[in-house]
Each structure stands twice: as C-alpha cells, then as structure tokens.
Amino acid sequence: MTVPDARPVAVVTNLQDPTADLVIAELHRRNVPVVRFDAGDFPAALSCTALVGGEDTGWRGSLRTPTRQAGLGAVRSLYYRRPSAFTFAHLGPQDARVAAAQARYGLGGVLVSLPHCLYVNHPHRIGDAEYKPAGLAAAAACGFRLPPTVVTNEPDRAREFVRAHGPVVHKPISMPTYLVDGIAQTVPVTEVTADEIDGTVSGTMHLFQQRVDKTADIRVTVIGEQVFAVRIDSGLLDWRVDYSTHTYTATSVPERVERAIFAYLAHFGLVFGAFDFALTGPTDDEDSWVWMECNPSGQWAWMEPPTGLPMTAALADLLQRGTA
C-alpha cells in the first residue's frame, strides 16, 4: 500500500488571489495538504519558530496559522505569488520600520531557505527577474527578437531616440499599485512623440521602445517543463486595458523561440514564467515573434476556460511533485 505524502504545499499570497484559489482547490481535490498564508498576516495570524545548529543540516521548527501548521523541514514546495507587505499599524512610524525589517529578514529569511523545497518561484529569483532592464538584456542574450529600446532620464536622449526609431511607446518600468478612488489601475502603454517629451523626464528613469506593428499578441505560460501558448486578438496597442475585446486561441511555439524561453528561465533560475510576445506577420513563424517581457508572477488563469489548456492541473502537478 502506498503511504500518502503528508508533506504540505505552502502557498504565500494575499487573501484576494483567485488564481491561487484555483490551484489550492485542485490540490485539495488530490488530497494534497496545503498551508496558505500571507506575509501581511504576520504577526497577528501567522507565527514562526525556526531552529538550526548543532547536528541540524536545515531548519527545524514550524509555521503556524490559526488553522494550519507546517514543519519547516517538511514543506515539499512553496508557491510564492503576490503576498502583501508586512504592516505594523499599531506602532509609530520608526518602530514600525524596525519591526518590518525584522520580519522581512527574519521570517522572510526563513521562507527563502527551506530545505528540500521546490520554489515556484523563489522570491529572490522573482526579484531579479522583475528588473525590466535586466530582462531586456537577458532576452537579447538568449536570442529573442526585440524592438530597439532605451532606458533614460535625459530628455534630449529620449527625443533623439524617438526621432530615430519612431513611432515609439512609453512603458512603465515597474508596476506599483496605483489607486484611483481606491481602485487599482493598470498603467497603460502609450505612444509618445518627441514634442511631448519635456523636462519632467529627468525626474526618474523612463523606458521608451519602438512600437511594434503587430497583428496579434501571444501570452506563453511556462509551468515547469510544460509550455502553454495563447494567441490574443484584440486590436489594441495594450491588450490589458480592455479584456472585453479579446478572443483567445491556443497556439504552438516555434522551436527556436521555445529554446530561447527555456534559456531565459534558466538565466534567472525560474520554473514559472508568463511571457508576452507581439506577432508581426500574418503567420506565427518564428521570425514574427517579438519579445515584450516576462513576468515571473504573471496571471494565466483567465485564459484557461476559453482555450481548455490545463494550466491549473499543470501547476498542481508541479507543486505536488516538489523536489522528490
């Protein structure tokens, strides 16, 4: 008789994460134990004791929530999504900063060093890959086709780039939460002319990129060794601004592009990645694929119903398997 694997899967994310909900439901269906928590739960609804030293070769101890407990040496995999920040609202500003630092480097330091644990993805690797200029450099080195791009805070250099490579779009380099009337907003990609670039560009770094004359967009979600590609037809410069216009079609990835995808993931040490491409030709041959970005914590679940691609099952497979 096969003994059930009692090692839990840890899911670290915020409470309002429907994508994680789908994966957890699938793991529960398979009778895989799950411990879900949010960094923002600490210390009110999350506690941790970790011991190391002597003959120990890894952490002993446990993580505890009001309803779950996980031994630190027994976590088979950790699904790191989008946890909220540590907050200490009951403390003054200075004490809160100190407490948050202790939590980040204490609890956070334990979470990133669990023994024999598969990370999807490791928080440090996510952090590395979220630097968009680093992603652009890696994409070029891995052999992707990508449009001319400049990152600058010098208005004159930005204007020169627009005149040389126009039409040009302006893209956010990072996507912090931007609220309007309390509702999180998407900062869209916008086309820009040389005349629109003024002295405010000098205030911080900006990314300008030659606009791609595309026929469609493609989102490629890589989960372990499995590759799921979806063509998105929207007619929009930035398809994220209006999902009601989309049609989704499952497609395949050209061999050369797939090799570059796995080279990119290996460069950053990722086992999951959501890649965005622009398709420039009437067909989807490899020369038509233009790399836009890779999000190491990207969304994918909304594409599953219209395409039938089994991405939830693939992610559950990966987490269930762990490193064993």
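Reader: What does the side chain of Thr 152 do with the backbone nitrogen of Glu 154?
Author: This is a predicted model, and in it a polar atom of the Thr 152 side chain lies 2.9 Å from the backbone nitrogen of Glu 154.

Reader: OK, and is Thr 152 buried or exposed?
Author: Thr 152 is buried, with a relative accessible area of 5%. That is under the 20% cut-off for buried.

Reader: What does Thr 152 touch, leaving out residues up to four places away in sequence?
Author: Arg 157, Ala 158, Val 201, Thr 204, Met 205, His 206 and Phe 208.

Reader: Which strand is Thr 152 in?
Author: Thr 152 belongs to β8, residues 149–152. Val 150 and Thr 152 make up the covered face of β8, while Thr 149 and Val 151 are on the uncovered one.

Reader: Which strand does β8 pair with?
Author: β8 pairs with β13, residues 206–210, in the antiparallel sense, over four bridges. Val 150, for instance, has Phe 208 in β13 as its bridge partner.

Reader: Switching topic. What's the order of strands in the four-stranded open sheet?
Author: The order is β2-β1-β6-β7, with parallel pairing. On average, neighbouring strands there are turned by 15° against each other, direction ignored.

Reader: Which strands stand at the edges?
Author: β2 (34–37) and β7 do. Each has a single partner strand, so one side of each is left without a neighbour in the sheet.

Reader: And how many bridges join β1 to β6?
Author: Four bridges join β1 to β6, residues 77–80, and the two run parallel. Val 9 has Ser 77 as its bridge partner in β6.

Reader: Now the packing. How many residues are in the largest nonpolar core?
Author: 28 residues. Those with the most contacts inside this core are Leu 27, Tyr 79, Val 120, Ile 223, Trp 300, Leu 315 and Leu 319.

Reader: Which elements give two or more residues to that core?
Author: β1 (9–12), α1 (18–29), β7 (118–120), β15 (226–233) and α8 (311–321). α8 gives the most, with six residues.

Reader: Which residues of α8 are buried?
Author: Met 311, Thr 312, Ala 314, Leu 315, Ala 316, Leu 318 and Leu 319 are buried in α8. After α8 comes Gly 322, with a positive phi near 60°.

Reader: And Leu 27, what is it in contact with beyond four places in sequence?
Author: Val 9, Val 32, Val 34, Ala 316, Leu 319 and Gln 320. There is also another core lying apart from the largest one, with 25 residues, among them Ala 260, Phe 268, Trp 289 and Cys 294.

Reader: Last topic, backbone geometry. What kind of peptide bond joins Phe 42 and Pro 43?
Author: A cis one, with omega at about 0°. Pro 43 is in the loop between β2 and β3 (47–51).

Reader: And what is the peptide bond from Val 120 to Asn 121, cis or trans?
Author: Cis, with omega near -15°. Asn 121 sits in the loop between β7 and α3 (123–129). Val 120 is also among the residues with the most contacts inside the largest core.

Reader: What's phi for Asn 31?
Author: Near 65°, which is positive in a residue other than glycine. Asn 31 is in the loop between α1 and β2, and Asn 31 is exposed, with a relative accessible area of 68%.

Reader: And His 116, what's phi there?
Author: Near 55°, again a positive value in a residue other than glycine. His 116 is in the loop between α2 (93–111) and β7. At 63% relative accessibility, His 116 counts as exposed.

Conventions
Residues are numbered from 1 along each chain as its sequence is written. This is a predicted model: local features need pLDDT of at least 70, side-chain atom pairs count only at pLDDT 80 or more; totals for chains, interfaces and linings use all residues. Side-chain values use heavy atoms; hydrogens and water are left out. A nonpolar core is a set of buried Ala, Val, Leu, Ile, Met, Phe, Trp, Tyr and Cys residues joined through side-chain atoms within 4.5 Å. Buried means under 20% relative accessible area, exposed over 50%, partly exposed in between (1.4 Å probe, protein chains only). Contact means heavy atoms within 4.5 Å. Two strands pair if DSSP finds at least two bridges between them. Axes are lines fitted to C-alpha atoms, for helices over the stretch in contact, and angles run from 0 to 180 degrees between N-to-C directions. A polar contact is a pair of N or O atoms within 3.5 Å; within protein, one must be able to donate a hydrogen and the other to accept it, and residues adjacent in sequence count only if both atoms are side-chain atoms.
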